[in-house]
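The tour below goes stop by stop: select, look, move on.

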Amino acid sequence: MNTTPIDPTILKSIKADGLLRDGHFAFRSGRHAQWLLDRDRLLADPEFASHLGYLLAKHHFVDKIDTVASPSIWGAGLAQWIAYFLEPKAKVISATPLDGEITVAPGLESHVAGRRVLLVDNIIITGITLGRFSERLTAMDATIVGVCTLWNSGDDELHGYPVHGVLNSMNPAFAPGDCPLCVTGPLPAEVVPY
Ligand SMILES: [Zn+2]
C-alpha cells in the first residue's frame, strides 16, 4: 500500500471544498474507508485536477511512459493532466465502448502497439473495467507499466500490476476484517452503492 505523505495543500483543498464526507463507509469492493470522496466533483476544478495529475505523473516520472490510457471519460480528463506533466509528454488514449466491449479506435493503435502504457481511471472501485481494458491493450502488444488513480477502493494489484492511488495515503481502503473503524469507531459502516 502506498504510504507517501500527501501534500498538505491537497488535503486542505479537499476539506475546504467539501469534497469528502467523514464517517465510515463500505464499498462494493468489500473494503471500508473513513472518507467518502465526492467522485463527481474531484476533477471539476482544473487547478485542483492539475495538482492531482502532477502528483500522479511524479509517481511515474522514471517509468518511461509512452501513453496514458483510460477506460472511461472520467479517467480521460485526469489522463490528460498526467500525460502533460510527464517528461517527455506522453500521448493519451481512451477506450471506445462498442456493443458492450471496450475497444480502441483504429487511429489510436499506433499509441498502443509496442508502447509502454500507464493505465488511469479517476476512481477504481473493483478494477473489473480496468482489468478488461488492460487485457485489450496487452492483446494489442502494449506493455502495461502500472495503474494509477485518485483513489483505489480495490486491491493493491490489478492483474499483477501495482495500483497507485494518490489519495489512499490519507484515506486508506481497509481490507475486510482489517478496518479499525469497525473495531473502535462510533458508527456502523454505511453501505455505498459503488
Ligand atoms: Zn469498517
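How many helices and strands does the protein chain have? Colour by secondary structure: there are five helices and eleven strands. Keep in mind that this is a predicted model.

**Stop 1: the whole chain**

Select every C-alpha atom. Along the principal axes, these atoms fill a box of roughly 55 × 35 × 25 Å. Now show the surface. The accessible area of the chain is about 9900 Å². Carbon and sulfur atoms hold 54% of that area. Buried residues make up 46% of the 194 residues.

**Stop 2: the zinc ion**

Centre on the zinc ion. Which protein atoms are its donors? They are His24 (NE2), His32 (ND1), Cys179 (SG) and Cys182 (SG). These atoms lie 2.1 to 2.4 Å from the zinc ion. Along the chain, the donors follow the spacing H-x7-H-x146-C-x2-C.

Check the angles next. The four donor atoms subtend 95 to 120 degrees around the zinc ion, so the arrangement is tetrahedral. For four tetrahedral donors, the ideal angle is 109.5 degrees.

Are they buried, exposed or in between? Cysteine 179 counts as buried because its relative accessibility is 5%. Cysteine 182 has a relative accessible area of 48%, so it is partly exposed.

**Stop 3: the cores**

Select Ile14, Val68, Ile82, Leu150 and Leu167. Within the largest nonpolar core, which has 38 residues, these five touch the most other members. Which elements give two or more residues to this core? Three are helices: H1 (8–16), H2 (46–59) and H3 (73–85). The strands are S1 (20–26), S2 (32–37), S7 (116–124) and S8 (143–152). Highlight H2: this helix gives the most, with five residues.

Then move to a second, separate core of 18 residues. Val104, Val112, Leu137 and Ala142 are among its members.

**Stop 4: leucine 37**

Go to strand S2, where leucine 37 is found. Leucine 37 counts as buried because its relative accessibility is 7%. What is leucine 37 in contact with, leaving aside neighbours within four places in sequence? Show Ile14, Leu19, Leu20, Leu42, Trp151, Leu167, Asn171 and Tyr194. Now draw a distance to leucine 150.

**Stop 5: two buried loop residues**

Select asparagine 168, in the loop between strand S10 (161–165) and helix H5 (180–184). With a relative accessible area of 7%, asparagine 168 is buried. Beyond residues up to four places away in sequence, asparagine 168 touches Leu150, Trp151, Asn152 and Ala173.

Continue to glycine 154, in the loop between S8 and strand S9 (157–158). Glycine 154 is buried too, at a relative accessible area of 7%. Apart from residues up to four places away, glycine 154 touches Ser29, Arg31, Ile124 and Ile125.

**Stop 6: backbone details**

Where is proline 88? Look in the loop between H3 and strand S4 (91–94). A cis peptide bond joins glutamate 87 to proline 88, with omega about -5 degrees.

Next, pick lysine 64, in the loop between H2 and strand S3 (67–70). Lysine 64 is not a glycine, yet has a positive phi of about 50 degrees. Its relative accessibility of 64% makes lysine 64 count as exposed.

Finish at aspartate 99, in the loop between strand S5 (96–98) and strand S6 (101–103). Aspartate 99 also has a positive phi of about 50 degrees without being a glycine. Is aspartate 99 buried or exposed? Aspartate 99 is exposed, since its relative accessible area is 78%.

Key:
Residues are numbered from 1 along each chain as its sequence is written. This is a predicted model: local features need pLDDT of at least 70, side-chain atom pairs count only at pLDDT 80 or more; totals for chains, interfaces and linings use all residues. Side-chain values use heavy atoms; hydrogens and water are left out. A nonpolar core is a set of buried Ala, Val, Leu, Ile, Met, Phe, Trp, Tyr and Cys residues joined through side-chain atoms within 4.5 Å. Buried means under 20% relative accessible area, exposed over 50%, partly exposed in between (1.4 Å probe, protein chains only). Helices (H or I, at least four residues) and strands (E, at least two) are DSSP runs, numbered from the N terminus. Donors are N, O and S atoms within 2.8 Å of the metal (3.2 Å for Na, K and Ca); water is not among the atoms, so sites may look incomplete. Four donors count as tetrahedral if all angles lie between 85 and 135 degrees; four count as square planar and six as octahedral if opposite donors are over 155 degrees apart and all others between 65 and 115; anything else is irregular. Accessible areas come from the Shrake-Rupley method with a 1.4 Å probe; for residues, only the protein chains shown count as cover. Contact means heavy atoms within 4.5 Å.
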